[in-house]
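Subject: Structure handover

Hi,

Here is the structure I promised to send over.

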Amino acid sequence: MTSHDTSTPEDQSAAATHAAQSRAAADTALLEAFGGIRGMVDTTVPGLVFVLIYTIKRDIHLAAMAALGLTMVLAVARLVRKETLKHAFSGVFGVAFGAIFAMMSGDAKNFYLPGMLYTLGLAIAYILSAIFRYPLIGVLLGPMLKENLSWRTRNPGRFTAYTRATWAWGLILLAKSAILFPLYWWGDATQLGWVKVCLGIPPFLLCVYLTWIFLAKAPPPIDVIAEMEAEERAAAAREGAAAAGENTERDKAPERA
């Protein structure tokens, strides 16, 4: 008879509940890690404003300042709502570098160059991390799911899922770069701008969807934080029992004397 056959309905219900909670936490962590819908807006809309104004006015300075101003407004809105600022600040710095680069060079295409280089670097980082068996998706999500790096040695199913997800991010971002850089070299600014806007959200959604698919089929994460807390409680209980035993022996010593 297997352990599954001897498990009670309560055990099975608790296991199912734990698995459902783990997957819900994974879904939430996945959205938080990559900015969610709001993060996509913060990173996509400023580029849309730039290419729209530049297409109409052909004024690099006006388009760049409008995009930068919008990014600042989005960051302030996050600050007022007490939301996380890491994605907003990354957007501000990215747009600021692009705006300065475009205005100093006089070439509107350079507004997009910092973001393109970042995407290419990120693609290479994802691929290299998967090759060297430290997939970045696992490194990013592990602490958020309280499993840290336990998936590398104790949870091979999740290690495989994280590796596949990391390969997906790396290859999709690499394909995005393979489309954009030829336009940067041989296309004009409006072509590059509109294509970059179109390639802003769909590849991101595809990466998140594939990551969700891979993790949904993987075993639930091992909560190493809960394990450490349980070990600390057990150690404290043992110390308390030992101390109580010593006190009992001391109390009995005068009686024997």
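A word on naming before anything else: helices (H or I, at least four residues) and strands (E, at least two) are DSSP runs, numbered from the N terminus. This is a predicted model, in which local features need pLDDT of at least 70 and side-chain atom pairs count only at pLDDT 80 or more, while totals for chains, interfaces and linings use all residues. Residues are numbered from 1 along each chain as its sequence is written, and side-chain values use heavy atoms, with hydrogens and water left out.

Let's start with K109. You'll find K109 in the loop between α5 (86-105) and α6 (113-131). Even so, K109 has no salt bridge, meaning a side-chain nitrogen of Lys or Arg within 4 Å of a carboxyl oxygen of Asp or Glu. The nearest side chain of opposite charge is D107, 4.6 Å away (Lys and Arg count as positive, Asp and Glu as negative; His and the chain ends are not counted).

What does the side chain of K109 reach at 3.2 Å? That is the backbone oxygen of G187. A polar atom of the K109 side chain also lies 2.8 Å from the backbone oxygen of Y184. Both are polar contacts (a pair of N or O atoms within 3.5 Å; within protein, one must be able to donate a hydrogen and the other to accept it, and residues adjacent in sequence count only if both atoms are side-chain atoms). Leaving out residues up to four places away in sequence, K109 touches (heavy atoms within 4.5 Å) several residues, including W185, D188 and L192.

Next, the nonpolar cores (sets of buried Ala, Val, Leu, Ile, Met, Phe, Trp, Tyr and Cys residues joined through side-chain atoms within 4.5 Å). The largest has 22 residues, and among those with the most contacts inside it are F50, Y54, A108 and L192. At least two residues each come from α3 (36-57), α4 (60-80), α5, α6, α8 (156-186) and α9 (189-198), and α4 gives the largest share, four residues. Another core, of 19 residues, lies apart from that one; A123, L145, I172 and C207 are among its members.

I60 sits in helix α4 and counts as buried because its relative accessibility is 12%. Beyond its neighbours within four places in sequence, I60 is in contact with F50, Y54 and A108, among others. I60 and A99 are 39 residues apart along the chain, with 8.5 Å between their C-alpha atoms.

How many salt bridges are there by the rule above? The count comes to one: E147 with R158, at 3.1 Å, N to O. E147 is in the loop between α7 (136-144) and α8, R158 is in helix α8, and the two are 11 residues apart. E147 is buried, because its relative accessibility is 0%; R158 is buried too, at 2%.

Finally, cysteines. A search of the whole structure finds zero disulfides (pairs of cysteine sulfur atoms within 2.5 Å). C198 counts as exposed because its relative accessibility is 52%, whereas C207, at 0%, counts as buried.

Cheers

Conventions:
Buried means under 20% relative accessible area, exposed over 50%, partly exposed in between (1.4 Å probe, protein chains only).
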